[in-house]
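Biologist: I'm new to this one, and I'd like to know what stands behind each label you use. Can we go through it together?

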Amino acid sequence: MRKNRVRGVLFPGAAAVLAAALHLGATPAASAAEPYKAPRTADGKADLNGIWQTLNTANWDLQEHAARTGLVVALGAVGAEPGGLGVVEGGEIPYLPEAAAKKKANFEKRLTDDPEIKCYLPGVPRATYMPYPFQIVQTPKSILIAYEYAGAARTIYMDKVPPGPADSWMGHSVGHWEGDTLVVDVTAQNDETWFDRAGDFHSDALHVTERYTPLSPDALMYETTIEDSKVFSRPWKISMLLYRRLEKNAQLTEFKCVEFVEELFYGHLRKQAGK
């Protein structure tokens, strides 16, 4: 019987068949006929407005990975890390040798060093596939993306582009349309963010090119090309589906996590009783 291997763990081939069937089920059947034509905004562009979210485990690890024990033993299954088939084209991230060693060190220290634990802004593309929704608000001159995690937000400039700012957590985004696909060039990100909880990282030379393509009324294809000559031997790509939140009352809620990490950062400064 054919089997699938995920980093040393064997799964029945039926699981792979089921995963493929689910993936195909999320892709519009009309693709075999005419390409999907998205609704238009007032200026004639594809309408991407809405609240979107991924359904994958890329935030845990961009690459294929088996489920594994969490770092906090007391949390048991609640803190365990789910497995995933990976979203990296070709399967492996092409690290330079020294960078591969750093990634390994990051993984070993992820409980203390992952920026997500400290409520730092997630950067691009990680903000897109964290397990929280985000909202796209589209106008002819600019597109705003608001993320639930940490109240992060960024503006994609479509018309007049201001000068590139100093490096920041969410970088500088400039967009244009290629047919119905929104293409976003992201530069000027600092080197403090990670791509996932597995320690995948980048330098301040990071250049990200995003592509948002409507596949159906309720699904977008999200593709990202990542370039960083200080860390990777060549450009590499990730891709995944984004799904529209369809609840009648769909909206972003607050996840202002700074208050959740105050004890982590400042607990040691608290005055002890009797001192």
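Predicted model: local features only at pLDDT ≥ 70, side-chain atom pairs only at ≥ 80, totals over all residues.

Biologist: What makes the phi of Cys 119 worth a remark?

Modeller: Most residues other than glycine have a negative phi. The phi of Cys 119 is near 65°, which is positive, and the residue isn't a glycine. Ala 150, in the loop between β5 (142–147) and β6, is another such case, with a phi near 60°.

Biologist: Is Cys 119 called buried or exposed, and why?

Modeller: Buried means under 20% relative accessible area. Cys 119 comes out at 9%, so buried is the word. Across the chain, buried residues make up 40% of the 275 residues.

Biologist: What kind of peptide bond joins Val 124 and Pro 125?

Modeller: A cis one, with omega at about 15°. Most peptide bonds are trans. Pro 125 is in the loop between α3 and α4.

Biologist: Now α2. How do you know what span to expect for that helix?

Modeller: Take 1.5 Å times one less than the number of residues. Helix α2 (residues 97–108) has 12 residues, which gives an expected 16 Å, and its first and last C-alpha atoms are 17 Å apart, close to that value.

Biologist: Why say that the buried residues of α2 line one face?

Modeller: Ala 99, Lys 103 and Asn 106 are the buried ones. Looking down the axis of α2, they fall within an arc of 60°, so they line one face of the helix. Pro 97, Glu 98, Lys 104 and Glu 108 are exposed on the other side. As for what covers the buried residues, α3 (110–113) is included.

Biologist: Why is the pair of Tyr 95 and Phe 232 called what it is?

Modeller: For Tyr 95 and Phe 232 the centres are 5.2 Å apart and the planes are at 50°, so the pair is tilted. Tyr 95 sits in the loop between β3 (50–53) and α2, and Phe 232 in the loop between β10 and β11 (236–244), so the pair ties together parts that are 137 residues apart in sequence. Against the buried cut-off of under 20%, Tyr 95 has 15% and Phe 232 has 3%, and both count as buried.

Biologist: Which other aromatic pair is tilted?

Modeller: Tyr 120 with Trp 169, at 5.1 Å centre to centre and 40° between the planes. Tyr 120 is in the loop between α3 and α4 (126–129) and Trp 169 in the loop between β6 (153–157) and β7 (172–178), so this pair ties together parts 49 residues apart in sequence.

Biologist: What makes you say a charge sits over the ring of Trp 60?

Modeller: For Arg, CZ has to be within 6 Å of the ring centre and within 35 degrees of the ring normal. The charged end of Arg 197 meets this rule over Trp 60, 4.6 Å from the ring centre. Lys 102 likewise lies over the face of Phe 201, at 5.3 Å. Phe 201 also belongs to an aromatic cluster with Tyr 95, Phe 195, Phe 232 and Trp 236.

Biologist: Last one: how do you know that β9 pairs with β8?

Modeller: Two strands pair if there are at least two bridges between them. β8 (residues 181–187) and β9 (residues 207–216) have 5, in the antiparallel sense, and Val 184 has Glu 210 as its bridge partner in β9. On to β10 (residues 219–227): it is joined to β9 by 9 bridges, also antiparallel. These two form a hairpin with 2 residues between them, and Ser 216 stands opposite Ala 219.

Terms used: Residues numbered from 1 in each chain as written. Heavy atoms only, no water. Helix = DSSP H or I, 4+ residues; strand = E, 2+ residues; numbered from the N terminus. Buried < 20%, exposed > 50% of the residue type's maximum accessible area, 1.4 Å probe, protein only. Arc of directions from axis to C-beta. Contact = heavy atoms within 4.5 Å. Phe/Tyr/Trp six-rings, centres within 6.5 Å; stacked < 30°, edge-to-face > 60°.
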